[in-house]
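Please keep the sequence and the structure in view while reading.

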Amino acid sequence: MLNINPDNKKMILSIDGGGMRGMIALGMLAELEKMTGKPAYELFDMVAGTSTGAIIAAGLCVGKNASDILAIYKTDLPQAFGTQQGIGFWLNWLFTGLRYFYPLEPFRKALQPIVEGKKIRDLTKPIIFMTTKDVRTSNNYFIVSKGPGAAAFGDWPVSGAVAASGAAPIYFPPAANNLIDGGVGVYGNPSLAAAIEAMEYIGASEGFEDGKVRMISLGTGYPPNQFGEGAAAKFWLKDWIEYIIGENIDDSGLQQVYLTRAIYKDRMDFRRYNPLLTTKSITEKLGIPVPAGIKPELLSLDTRTAAELQFMEDIGRAYARKIDWTLPGIMPWDTVDVGGHFQPNRVTMQIDWSKTTYK
């Protein structure tokens, strides 16, 4: 059996946002449970998550294994996005005043099998950590069940905290009228915030000491936001909005990886795993056939057909089998080209200025 903690360090799990692409992270965790012979909630002392990562974190912290949560993602969560398609979907959006695509109540109900009516104070083994943002003040809240920050959130219902962390603007209305997705801003990847909470605030009282901590950070897949030569010159408003949102999410997530590694390089063993979502990588590196009609690059927050969900689980499981969980300090680009966020390609940085008016 695989042992990912042979030196008995304190283990932190951090899981990114990404909507239904959380199936990829869950696939990784389910395969890790199979490889170690232990449920994920026994492998980690603290579980951090934003948005879909918060759902998974809550599930683990109430004692569910990854397979249990996978089943809920396949059966309950897709219902939160409704069944309307085509013109019906857009008419419904119009009738809401163009405020949100989906009501929050079905999403909250879908969470009930996971959170089981618990309060934040109940989730202390593992310790839970989640992020959300308050629109009234633009403050980020770091919801935690241990340490000096715990008192402020102890009475919060877990279902409400998770709904707040996952209330993505446009997709859902704010939770409690004010709280939105923790990924708005730079905490779609909560690894740095979780590291600060564990090392600087919770600290030695729970064993989070220099040299005695390992963090595993899971992404929900990296779909390259790339275009061909000259495509940007033809962009219109919709293209730019999609590009800017995609780049902000990707850049902020990568920023958290770089900062966590830079700040805590000598204090913890930080590892980042995130599969690259391209047909070439998935078929050639992971050995998974891409189902007909599915484009890996287009897997999104509300992707929810049975075939797409199974495909994302398969990606996560295959990626988990491909990587070496025993290597310290691993980054996505170290994982035999199956990880996202490649280093700059010098070939693509060449610009032919002779074809422009810039002489």
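**Helix packing and a loop glycine**

In this predicted model, helix H1 meets helix H4 through Gly22, Met23, Leu26, Gly27, Leu29, Ala30 and Glu33 on the H1 side, and through Ala66, Ser67, Ile69, Leu70, Tyr73 and Lys74 on the H4 side.

Geometry of the helix pair

- H1 spans residues 22-36 and H4 spans residues 66-75, and the two pack at an angle of about 150° with their axes 9 Å apart.
- Since angles over 145 degrees count as roughly antiparallel, H1 and H4 are therefore roughly antiparallel to each other.
- The crossing that H1 and H4 make is left-handed.

- Gly17 lies in the loop that runs between strand S1 (10-15) and H1.
- With a relative accessible area of 19%, Gly17 is buried, because the term applies under 20% relative accessible area.
- When neighbours within four places in sequence are set aside, Gly17 is in contact with Thr50, Ser51, Thr52, Gly53, Gly188 and Thr220.
- Gly17 and Leu301 are separated by 284 residues in sequence, while their C-alpha atoms are 8.9 Å apart in space.

Confidence of the model

- The protein chain has a mean pLDDT of 87, with 89% of its residues reaching 70 or more.
- Over residues 342-347 the pLDDT is below 50, and this stretch has five contacts in the model beyond near neighbours in sequence.
- Where pLDDT is low, predicted coordinates should not be read in detail.

Key:
Residues numbered from 1 in each chain as written. Predicted model: local features only at pLDDT ≥ 70, side-chain atom pairs only at ≥ 80, totals over all residues. Heavy atoms only, no water. Axes fitted to C-alpha atoms, helices over the stretch in contact; angles between N-to-C directions. Helix = DSSP H or I, 4+ residues; strand = E, 2+ residues; numbered from the N terminus. Parallel < 35°, antiparallel > 145°, perpendicular 65-115°, else oblique. Left-handed = near helix turned anticlockwise from the far one by under 90°. Contact = heavy atoms within 4.5 Å. pLDDT = per-residue confidence, 0-100. Buried < 20%, exposed > 50% of the residue type's maximum accessible area, 1.4 Å probe, protein only.
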